[in-house]
Amino acid sequence: MSSGLNRLTDLEKPATEDARLKRIQTALKRYDARPDALIEILHIVEESYGYVPLWMMALLAKEMKVPPSRIYGVVTFYHFFSLKPKGEHTCVVCTGTACHVRGSQRVLNDIEDEFSVRAGETTPDGKLGLQTARCLGCCSLGPVTVIDNEIIPKSEPEKIVALIHEKAGI
Amino acid sequence: MNASFTITIDNQSVEATPGESLLEVCRKANIPLPVMCDFKGLSPVGACRLCLVEIEGVPKLLPACTTLVAPNQAVHTQSDKLRKYRRMIIELIFSERNHICAICVANNNCELQKMAYELGMDHVRFPYLTPVCEVDASHEKYVMDHNRCILCTRCVRVCSEIEGAMTRDVMGRGFDARIITEFKQPWGDSTGCTSCGKCVQVCPTGALTPNDAAQGRLKKNPELVALLIEKREAKP
Ligand code: SF4
Ligand code: SF4
Ligand code: FES
Ligand code: FES
């Protein structure tokens, strides 16, 4: 965990923007980007992405005016946060109210059954990390699932399971 | 100013002002206490635990640097129990990283080494953890050798509280805890570091050194930083 230094290029924000980023930006607005809201914001990041990407820390450092070393210190202090996606592939199922009402639980159950993995865990072969989030901020598209970096609106359980098979090769 | 009161330290009456720490009061009264993480003028953190004292009526030992004075306190700074704990603490510090004085640039110029002599450490009873630690030599003027770091965080505090650059902090916890610059980047990549060298001057060990220091020839000048802090505090 401690070895290996990060490079400047690791801090560059990826070109693609999606609902997750919007969710973070909304949260930043809601908290007025106050430095003391760092932990709350990081929770939302971890939930949305399944980990805290370095480029996101760089973004937060800038927006919230918190020193980079402080953010990195906080992320590595709490076991709740991770620096890397937990599996080779990640699947985040939104279980927020809107998605729940539209059947996200079935999506989650089917994934758990099919791949023998529980939410918050990674398959023993490390191929798939499964997580849940509470509202990704695009409720009208629910139930929402994110596989790797792709947001899948109106998720149907069978389709999601098939997509994971395809993407993760399992 | 708040009304001062008296406390007793080692059965001697000493004047104290509300808000002061026990360490500050000891200093004013010339009562010596071993300290390692404390640096006068930087905010106290209670990281090293060497300044532990006994307070009558309090069942546990408390660090003098982060414990505030209170009326009628009766404090003891010297006892067999305290000496035992201080010895144990310094041994634990030595066992955590790789402090091989004979080959260290800071040999004979090291506060940690000096402290070990003062506390009469003749050997270390605990197994050495011998972690494999990085050496970051990417900065144009300074080197950070994590093998010698005791995580006192003096460098972190001087960088944020005095220099105002805030480039350093601690990552992880326990065995994995490390001092980092920025997003755990090579120090030389830091865009916030002003290369002021304050961290190097206040570092009590050979963890932070100028990169041209020959082995055993290190000269550090923590007094310079202490003076700077004093001047800033005195500024009208
Ligand atoms: S050289 Fe100065 S600015 Fe750079 S890390 Fe050390 S204290 Fe901070
Ligand atoms: S580098 Fe030096 S000053 Fe900084 S925490 Fe380590 S021992 Fe203390
Ligand atoms: S509840 Fe799922 S996106 Fe809002
Ligand atoms: S000097 Fe008080 S705990 Fe280090």
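Me: How do helix α3 and helix α4 of chain A cross?
Reply: The axes of helix α3 (residues 54–64) and helix α4 (residues 68–77) of chain A come within 9 Å and cross at roughly 130 degrees. Because of that, α3(A) counts as oblique to α4(A). Axes are lines fitted to C-alpha atoms, for helices over the stretch in contact, with angles from 0 to 180 degrees between N-to-C directions. Under 35 degrees is roughly parallel, over 145 roughly antiparallel, 65 to 115 roughly perpendicular and the rest oblique.

Me: Where do these numbers come from?
Reply: This is a predicted model, in which local features need pLDDT of at least 70 and side-chain atom pairs count only at pLDDT 80 or more, while totals for chains, interfaces and linings use all residues; side-chain values use heavy atoms, leaving out hydrogens and water. Residues are numbered from 1 along each chain as its sequence is written, with chains lettered from A and ligands numbered from 1 in the order in which they are written.

Me: Which residues of α3(A) and α4(A) meet?
Reply: A:Leu54, A:Met57, A:Leu60 and A:Ala61 in α3(A) touch A:Pro68, A:Ile71, A:Tyr72 and A:Val75 in α4(A), where contact means heavy atoms within 4.5 Å. By class, that contact has eight nonpolar, no polar and no charged residues. Nonpolar covers Ala, Val, Leu, Ile, Met, Phe, Trp, Tyr, Cys and Pro; charged covers Asp, Glu, Lys and Arg; the others, Gly among them, are polar.

Me: And α6(A) with α7(A), at what angle do they cross?
Reply: Roughly 40 degrees, for α6 (residues 104–115) and α7 (residues 157–168) of chain A, with axes that come within 9 Å. So α6(A) is oblique to α7(A). The residues of their contact divide into seven nonpolar, one polar and four charged.

Me: Switching to chain B: how do β1 and β2 pair?
Reply: Strand β1 (residues 5–9) and strand β2 (residues 12–16) of chain B are antiparallel, over five bridges. Two strands pair if DSSP finds at least two bridges between them. Helices (H or I, at least four residues) and strands (E, at least two) are DSSP runs, numbered from the N terminus.

Me: What is the bridge partner of B:Phe5?
Reply: B:Ala16, in β2(B). The two strands form a hairpin with two residues between them, and B:Asp10 in the turn has a positive phi of about 50 degrees.

Me: How many residues surround ligand 2?
Reply: 14, the closest being B:Cys149, B:Cys152, B:Thr153, B:Cys155 and B:Cys203. A residue is near if one of its heavy atoms lies within 4 Å. The shell divides into 11 nonpolar, two polar and one charged.
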